[in-house]
Amino acid sequence: MSVATLDFSIDETKQSPAIIEVRGLTKRFGDLVATGGVDFDVRPGEVHSLLGENGAGKSTLMKLLYGVYQPDAGEILVDGVSQKLNSPADARALGIGMVFQDLRLIPAFTVAENIALSLPGGGFRYRRQAIERQILDAGEELGFLVDPKALVHHLSIGERQRVEILKVLMSGARLVILDEPTSVLAPQEVDGLFTAIRSLRAKGLAVVIITHKLHETRAIADRVSILRAGRMLASGIDPTSVDDRELVNAMVGREVPPLPAERAAPPDNKVLALRVAGVHVRGDSGNTALHDIHLEVKAGEIMGVAGVAGSGQRELYEAALGLRPLNSGTIHIAAVEMDRCDPGAALGLGAVGIPEDPISDAVVPGLDVTEHLALANLSSLRKGLGIDWSRAREMVVALDTRVGLRMVAHDRTVADLSGGNVQRVMLTRAFGVDCTLLVAAYPSRGLDVATTRRTQELLLAQRSAGAGVLFISEDLDELMELSDQIAVLHNGHLAGVVTPGEVDRYAIGQLMLGGAA
Amino acid sequence: MIAAQTATEVGGQLLIVSVMVGAIRSGTSIFYAALGETISERAGVINVGTEGAMLAGALSAYAVTAETGNPWFGVVGAAVVGGALALLHAYLVIARGANQLANGLVIMFLGLGLTSLFGASYVSREINGFKPIAIPGLSSIPAVGDILFNHDPLTYLSFALGPAVWFLLFRTRWGLLLRGAGERATVLSSYGYSPEATRYIAVGMGGLLAGIGGAQLSTAVALTWFENMTQGRGFIAVALVIFASWHPLWAMGGAYLFGAALALGPELQVRNVGVNQFVLDALPYVMTLVVLIVLAKRSFQRAPEGLAEVFDAPPVS
Amino acid sequence: MTIMETPPRDEVVVVMETPSAKRGSDITRRAGGWALAYLGALAVFGAFMAVKGVNPFTAYRAMFESTLLDASSLSEVLIKAAPFLLAALAVAIPARGGLVNLGGEGQIVMGGVAAAGVALVFEGQMSSGLVMVAMLLGAVIAGALWAALAGVLRVAAGINEAISTLLLNYIAIDVLLYLISGPWKDRAGFGQLASKPLADETRLPTIGSDGRIHLGIFIAIGAAIGIWFLLRSTTWGFQLRVAGGNGEAARRAGLPVAKLLLSGLVVGGAMAGLAGAVHFAGVEGQLRPGMTFGFGYIGFLASWLAGHHPIRIAGAALLLGAIAVGGDSLQIDSGLPAASVNILMAFVLFAVLGKNPRLAGASR
């Protein structure tokens, strides 16, 4: 495979010595080269954006810098000195801090306990009041105000992220790596985060921000590096020297065909695929997770669902599919009321789901691809006391061809697959069924750009085939591109239902944060 | 044997007082084991082998006391042996990936086998064990004095240990680390700590306390040794930790509740209440189940995350 | 700007996806591993015996000769293995559903109690063949119900079945003791705690010259084959496996998870009940304290030893049966307590349970 090269000019104006510099960094997992001969550097007082699609090697590179992985070849220099980072502790001692995408906080602990645990030293006793004071002082100084006494599982995702960044800063980080920090935030929260990042930059700290959103890169980054398939295609270029199309092509390796812009208007009929009326639902910790939700999804319509992470999306998904008991209100699927919490009944009415977290909610250890897909069609595959496995295999081959997401070999154990390949199995299972209602939670998570595009086409195909689609996503651009209407959740309330062409992303962000549109 | 002694010592007392005295006498060994299991489970390792560690502790204490004449040496021996059995559990579970429940059961069998092999020669030996020490002044308070201030030294030690373990878990940095290992080990690793090392220490401490619990049973309460003498007290301790919501002080209360159930039978018999002995023997177990039924759902919600995974995880073959 | 076109790469994965290793070397390695495990266990136990002043080589030879080279001992191994096998099935079936049945011990006792109860009521009232069938049936039902208790607690109240089955063991033993010390006490028993002995014609029929190989052994083998078929080839077996592998996935696929888990425990309990009846009507002939002591736990370990596979369980039950008989030889030939053979069993199991260093830290 030939490696693309970019002949961007490197900005010569900012040449202060790098905090961290890597040369020829290579990391292999078995036969796979996750990063191959990567050069990269970060200087104090800059925000450096690392772009790349899922699986390009961004996270691997950052974990090499943070000492989670050790490179197979190449070297890491910190302040110009070659260092061997055997563990995160080594990296932390050198002033490198990382904020992981799955935040590394213990939900059952308070903010103060979490931060105390992360700070090195500090003696035998856990001095609660002293730590709490320290947190308030540091928060004030750095612009990350948090309540040290709060239990982490009571905090919103945005608040947790603030705690996480403060935690990293308090342990003395000079270089902060942020792994896709914006994917869970509303646009206004992203603005707040960027303001805080700018103030860190002004204090001379260095920030690496991993993202695949170009407008964010443009808003915050001083320099940009682009990874594709483990190779560094551009290292530390000036973002103003390239346009968006060039950046996308560098990330993806080819032009991405646009979605068909013209599509049939949603049918002006009264056939409802899903009707949610006055629904109240409790969350896992007993709190009220959905308050008085009224929502209608017509057959042949895509209803997007937007919201800051943890606003009730999961509970709405589960309520719509009969997975979570209602405290009050009613849910109708295809005009039939579901009178109790019964996923089998919802399936029987033609409701299909694409789960948010396949590993915990859909993947059965030890079962292969065929068995997973057979599970969704057991009643049609029965033979005597058992299951007709040869017919099941034929069915799966036919499905794979029809859906076209190219699953791995059908006798592979699903639990051993990568996230992207698991998601292909989930999508093939869902799109292979003729349904009246499709509830899709973050269907393109973990997929590369091309497969994401195919997934979006399949969602539109279901819509054309007359299914009602409830489409939950954290990506506002994707929501606005695909949805006929968007329901915005805020803190378990339905903040509003908007039509994408009529409002902009900030208006939706306003609703996500609880303001009026 | 246990029954006979309790009866002669407190004969003539009100039933409620006798039962409360017996509750602490019989509950203390369970409390030690439950305290140890609390530490172990807070770090994310369930050790059903507590029964085996108690049994091994009971014999070690008895044997060492018989050989040296000093029950305190016996306690040290019990702690060492109990801790060693628990560390074996820790090694197999942490480093070798053994299923926690199954491996714990094997530890129990190992304890049974070892004590049967090495205990045979002590079955009819007598020892000079711990004697109750009445606290001057306090022990003469009516009822309360007998219930709280006329016990063996290991019981007094346990009064202090409950709060001490609470302090360790909730007011020290090491406690944060230990509870962190039971909640989300990945968080600890990302700070460069070793959750494995923390777990080894916690499980070892758990076994050490279970061993001392066994020592209390053989050298302070029963003053005899016989095969399988713990009779499921270690298993009760494991159940107790759940309904104590992994809290050391609740475990203390729970252990005395069991002690009371254990003590009730003999007390009723002394008073010639006509109840079948075996019906009363079942009482502690029935009571555990009832308490679990009442508390289970709420209790399990407070389980350390890492531990909940053990309970939910499918067995690996 | 120039970008050389690169063909779209299928997907770059960061998780290793290695296909299963080569078969041949795998088998050799596994066989070697097993041999090492057993030798290691023998060595450790030998060391303990040496500490107690018993020559381990002499003791092992005596154990071997009196267990496997002697016809009556061989039939003793079979007689011991039969309830172990059934007790192991009682663990393997729920394990398929992700449940940990530590309650074989109590379910066996209840099976024995039920068989004895049936015999007390019906002996002499109907033909001995019918009584036998009724005893086995009663035991199956009793074991199933005792397990169902834990199943209901798990499904309705969320109580972990490992804990509840463990507690139910002690209650079952107290039920047995209550019955044989009170209502069912054998008046002709000279003060011994025991129930009235079975009439000879209601004992399970035997074959062979020494008249000890009883029908129960064949019942156990038949049960293993039947369970193997149920788990492997039926929709129920598949669904149970799904529910056990990931209960939430099963629920979301519309499977009746609660019913499946309950059925797994009930069928398992039935097997344990059968074990109790087989031992009662094939060997003991009367209820007495501790008559099935340890059977449930040994069955638990046999199931783990065999990876919960019904056919392999038969082999594990034989092995543990041989070790148990070897324990009796220890007592007779070497003067060591029979229960000390548990040390040997424990180290064999450590070797088997600890063969998953890959899973180390899996509970993270």
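Predicted model: local features only at pLDDT ≥ 70, side-chain atom pairs only at ≥ 80, totals over all residues.
1. Overall form of chain A. Chain A contains 18 helices and 22 strands. Its radius of gyration is 24 Å, close to the 24 Å that the globule rule gives for 517 residues, so chain A is as compact as a globular protein of that length. Taken along the principal axes, the box filled by the C-alpha atoms of chain A is roughly 70 × 55 × 50 Å.

2. An open sheet in chain A. Four strands of chain A are arranged in the order S2-S1-S4-S5 to form an open sheet, and their pairing is antiparallel. The edges are taken by strand S2 (32-42) and strand S5 (81-83) of chain A, each of which has a single partner strand, so one side of each is left without a neighbour in the sheet. From one strand to the next, the twist averages 30°.

3. Strand S1 (residues 20-29) and strand S4 (residues 73-78) of chain A pair in the antiparallel sense over five bridges; A:Val22, for instance, has A:Ile76 of S4(A) as its bridge partner. Helix H1 (residues 58-65) of chain A packs on the sheet, where it touches S1, S2 and S4 of chain A, and the direction of this helix makes about 60° with that of S2(A).

4. The H12/H13 pair in chain C. Helix H12 (residues 310-334) of chain C packs against H13(C) at an angle of about 150°, the two axes being 9 Å apart. Because angles over 145 degrees count as roughly antiparallel, H12(C) and H13(C) are therefore described as roughly antiparallel to each other, and their crossing is right-handed. On the H12(C) side the contact is made by C:Leu320, C:Ile323, C:Ala324, C:Gly326, C:Gly327 and C:Leu330, while H13(C) supplies C:Val341, C:Leu344 and C:Met345. By class, this contact of H12(C) with H13(C) has seven nonpolar, two polar and no charged residues.

5. The contact between chains C and B. Chain C gives 53 residues to this contact and chain B gives 52 residues. On the side of chain C that touches chain B, the elements giving two or more residues are helix H5 (128-157), helix H6 (161-181), helix H8 (235-245), helix H11 (295-305) and helix H13 (341-353) of chain C. H6(C) gives the most to that side, with 11 residues. By class, the side of chain C that touches chain B has 33 nonpolar, 16 polar and four charged residues.

Key: Residues numbered from 1 in each chain as written. Chains lettered and ligands numbered in written order. Contact = placed C-beta atoms within 7 Å. Nonpolar A, V, L, I, M, F, W, Y, C, P; charged D, E, K, R; others polar. Pairing = 2+ DSSP bridges. Axes fitted to C-alpha atoms, helices over the stretch in contact; angles between N-to-C directions. Parallel < 35°, antiparallel > 145°, perpendicular 65-115°, else oblique. Left-handed = near helix turned anticlockwise from the far one by under 90°. Rg over C-alpha atoms; globule rule 2.2 N^0.38 Å.
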